[in-house]
Amino acid sequence: MTGPGTADLYDEHEESLQSCDTQLRQYGARASFAGTVVTIRCHEDNAMVKAVLAEPGEGRVLVVDGGGSVHTALMGDMIGASAVRNGWAGVVINGAVRDVALLGGLDLGIKALGSNPRKSSKIGAGERDVVVTFGGATFTPGAHLVSDDDGVVVLPG
């Protein structure tokens, strides 16, 4: 990622910047990433996550609101590898991932609440391209997200 980090962006924009309070962990090899936001809201079902990350990413960032559940993983190594192949910059998940050792080797920004080896359901339940909010930040499709070791911010429109 080139450009200012999240702390510098906060100093520049202050309270007009959306800063996510949720303490997400880094899982991918790309610690800093940025891109245009695409959103999904789903609960313990990763079929939509898999489908979206199989599309051309064009340097975008998928934000997944899994409702904060760490009961099942919403992304693992196979879906992560698909995201890399398709040109996604990163994935931010308000939920869990699995295959952590393998995710760490992917050239992809990955932030999530935690990990769980349990598979999710694959019914396809969820919503795409909706405004999602977690950690005091609102993620709107088309907004610009920046993530680094300090956190996740959404730039004002």
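Glu55 and Arg128 join their side chains in a salt bridge, with 2.8 Å from N to O; the term stands for a side-chain nitrogen of Lys or Arg within 4 Å of a carboxyl oxygen of Asp or Glu. This pair links distant parts of the chain, since Glu55 sits in the loop between α2 (47–53) and β4 (61–65) while Arg128 belongs to strand β8 (residues 127–128), 73 residues apart. Helices (H or I, at least four residues) and strands (E, at least two) are here DSSP runs, numbered from the N terminus.

The model is a predicted one, in which local features need pLDDT of at least 70 and side-chain atom pairs count only at pLDDT 80 or more, whereas totals for chains, interfaces and linings use all residues. Residues are numbered from 1 along each chain as its sequence is written, and side-chain values use heavy atoms, with hydrogens and water left out.

Across the whole structure, a search finds five salt bridges. Among them is the contact between the side chains of Arg30 and Asp107, at 3.1 Å from N to O. Because Arg30 lies in the loop between β2 and β3 (33–41) and Asp107 in the loop between α4 (100–103) and β7, this pair ties together parts that are 77 residues apart in sequence. A further salt bridge is formed by the side chains of Asp99 and Arg98, at 3.7 Å from N to O. Glu55 and Arg128 also belong to a network of salt bridges, in which they are linked with Asp129.

How covered are the residues of these pairs? The table gives the relative accessible area of each, where buried means under 20%, exposed over 50% and partly exposed in between (1.4 Å probe, protein chains only).

| Residue | Relative accessible area | Class |
|---|---|---|
| Glu55 | 26% | partly exposed |
| Arg128 | 30% | partly exposed |
| Arg30 | 25% | partly exposed |
| Asp107 | 46% | partly exposed |
| Asp99 | 28% | partly exposed |
| Arg98 | 24% | partly exposed |

The loop that holds Asp107 leads on to strand β7. Strand β7 (residues 109–115) is mostly covered, with five of its seven residues buried. Two of its pairings can be described, and two strands count as paired if DSSP finds at least two bridges between them. With strand β6 (residues 90–97), β7 runs parallel, and six bridges join the two; within this pairing, Ala96 has Gly114 of β7 as its bridge partner. With strand β2 (residues 25–26), β7 runs antiparallel, joined by two bridges, and here Gln26 stands opposite Lys111 of β7. As background for reading such strands, in a regular strand the side chains alternate between the two faces of the sheet.

Glu14, placed in the loop between α1 (6–13) and β1 (18–19), has a phi near 50 degrees, a positive value in a residue other than glycine. Its relative accessible area of 47% makes Glu14 partly exposed. Glu58 likewise has a positive phi, of about 50 degrees, although it is not a glycine. Glu58 is placed in the loop between α2 and β4, which is also the loop of Glu55. With a relative accessible area of 66%, Glu58 is exposed, whereas Glu55, at 26%, counts as partly exposed.
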